[in-house]
Each structure stands twice: as structure tokens, then as C-alpha cells.
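Here's a quick walk through one model, from its ligand shell to its sheet and core. Have the chain open while you read.

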Amino acid sequence: MSGMYRLFYVSTKAEDIGEEEADKIASHASENNNIRNIVGALCFNGNHFGQVLEGPQEDVFKLLDTIRDDPRHKDVIIISEKPVRFRYFKDFHMKRVRGMDFEELVTAMAAE
Ligand SMILES: Cc1cc2nc3c(=O)[nH]c(=O)nc-3n(C[C@H](O)[C@H](O)[C@H](O)COP(=O)(O)O)c2cc1C
């Protein structure tokens, strides 16, 4: 599949953001991403978000611009990004990943 892109970023939560808000962000994202042509996964460890976004490169960066402006977090730092042949999270418009580390996201970035 041509033009497919995978990107992993981390960010720091804004004050007052907790597990419940992270769940809300993931479920709303899941609905939106269906239309946006994006799949991926979102992890929240209590302080930081980690997110993998996958889709056509243009769509990934368009969404990232929107996400960057979201006041529920700050300091969005791209950790890794690359063109890919397959969508690792093809079955999830936005998978809600539990856990303190970003293990599943790192594993996804290592995949083809
Ligand atoms: C950590 C984090 C991850 C997000 N991920 C997504 C996402 O994958 N897709 C999405 O549409 N919005 C995501 N958002 C929300 C967007 O910033 C924005 O609020 C939303 O797209 C607006 O949706 P609406 O136009 O339906 O109101 C995320 C927000 C945060 C803080």
C-alpha cells in the first residue's frame, strides 16, 4: 500500500487529566478516525500520553496538527516515524492501551 505512514509521539498531560479523560479521548478518537482514515493506539501512564497514528502520510500530519493544539496535553514530541507497508493497528481506529510503559507502541514502531 503506497503512502502509508506510522508515527509515534509522546506528550505530557495537562493538569486535571486522568484515566477517565484518557478513556474519553480514545473513544472519541476512535469514532473520528473512522472518517479520517486513521488507525492507531493510545496509551496513558498517569503523566504522559503515548500515541501511534497510522494512515496516509498527509492524513497523519493533518491529525497531528489538531492533536498538538489540544489543551489537554502539551510538549508533543515525535519519537519515531516512518513509511510503512502495513497498518499494525488495522483492526483499531484507536486502541486504548493500558500500562505504564509504551511497550505495545514501541513494538508497533519496529514492525514493517
Ligand atoms: C492525547 C490525545 C490524543 C488524541 N487523539 C486523537 C485522534 O486519534 N483522533 C482524533 O480525531 N482526535 C484525537 N484527539 C482529540 C483532538 O485533539 C480533537 O479534540 C478532536 O479531534 C476534535 O474532535 P471533534 O472535531 O469531533 O470535536 C486527541 C487528543 C489528545 C489530547
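How many nonpolar, polar and charged residues does the shell around the ligand have?

## Around the ligand

By class, the shell has seven nonpolar, six polar and two charged residues. Here Ala, Val, Leu, Ile, Met, Phe, Trp, Tyr, Cys and Pro count as nonpolar, Asp, Glu, Lys and Arg as charged, and the others, Gly among them, as polar. Before going on, note that this is a predicted model: local features need pLDDT of at least 70, side-chain atom pairs count only at pLDDT 80 or more, and totals for chains, interfaces and linings use all residues. Numbering starts from 1 along each chain, as its sequence is written.

Of the 15 residues around the ligand, the nearest are Ala-29, Asn-32, Phe-49, Asp-70 and Arg-72 (near means a C-beta atom, placed from the backbone, within 6 Å of the molecule or strand). At least two shell residues come from each of α1, β3 and α2, and α1 gives the largest share, with four. Helices and strands are DSSP runs numbered from the N terminus (H or I, at least four residues, for helices; E, at least two, for strands).

## The sheet

Now for the strands. Five of them make an open sheet, in the order β4-β1-β3-β2-β5, and the pairing is mixed (two strands pair if DSSP finds at least two bridges between them). β4 and β5 (95–97) sit at the edges with a single partner strand each, so one side of each has no neighbour in the sheet. From one strand to the next, the twist averages 15 degrees.

β1 and β4 run antiparallel and are joined by eight bridges.

## The nonpolar core

The largest nonpolar core holds 25 residues, and Ala-41, Leu-42, Cys-43, Val-52 and Leu-105 touch the most other members. Such a core is a set of buried Ala, Val, Leu, Ile, Met, Phe, Trp, Tyr and Cys residues joined through C-beta atoms within 7 Å. The elements giving two or more residues to this core are β1 (4–13), α1 (19–36), β2 (39–44), β3 (48–56), α2 (57–68) and α3 (103–110). β2 has the largest share, five residues.

Take Cys-43: leaving aside neighbours within four places in sequence, Cys-43 is in contact with Gly-50, Val-97, Gly-99, Phe-102 and Leu-105 (contact means C-beta atoms, placed from the backbone, within 7 Å).

Lys-74 lies in β4 (residues 73–83) and counts as exposed because it has 11 C-beta neighbours inside 10 Å. On that scale, 20 or more other C-beta atoms within 10 Å is buried, 12 or fewer is exposed, and in between is partly exposed, with C-beta atoms placed from the backbone. Beyond four places in sequence, Lys-74 touches Ser-11, Thr-12 and Ala-14. Val-10 is 64 residues away along the chain from Lys-74, with 9.4 Å between their C-alpha atoms.

Glu-15 is in the loop between β1 and α1, and with 5 C-beta neighbours inside 10 Å it counts as exposed. The C-alpha atoms of Glu-15 and Arg-72, 57 residues apart along the chain, are 7.8 Å from each other. Ile-17 has its place in the loop between β1 and α1, and is partly exposed, with 18 other C-beta atoms within 10 Å.

Definitions and conventions. Contact = placed C-beta atoms within 7 Å. Axes fitted to C-alpha atoms, helices over the stretch in contact; angles between N-to-C directions.
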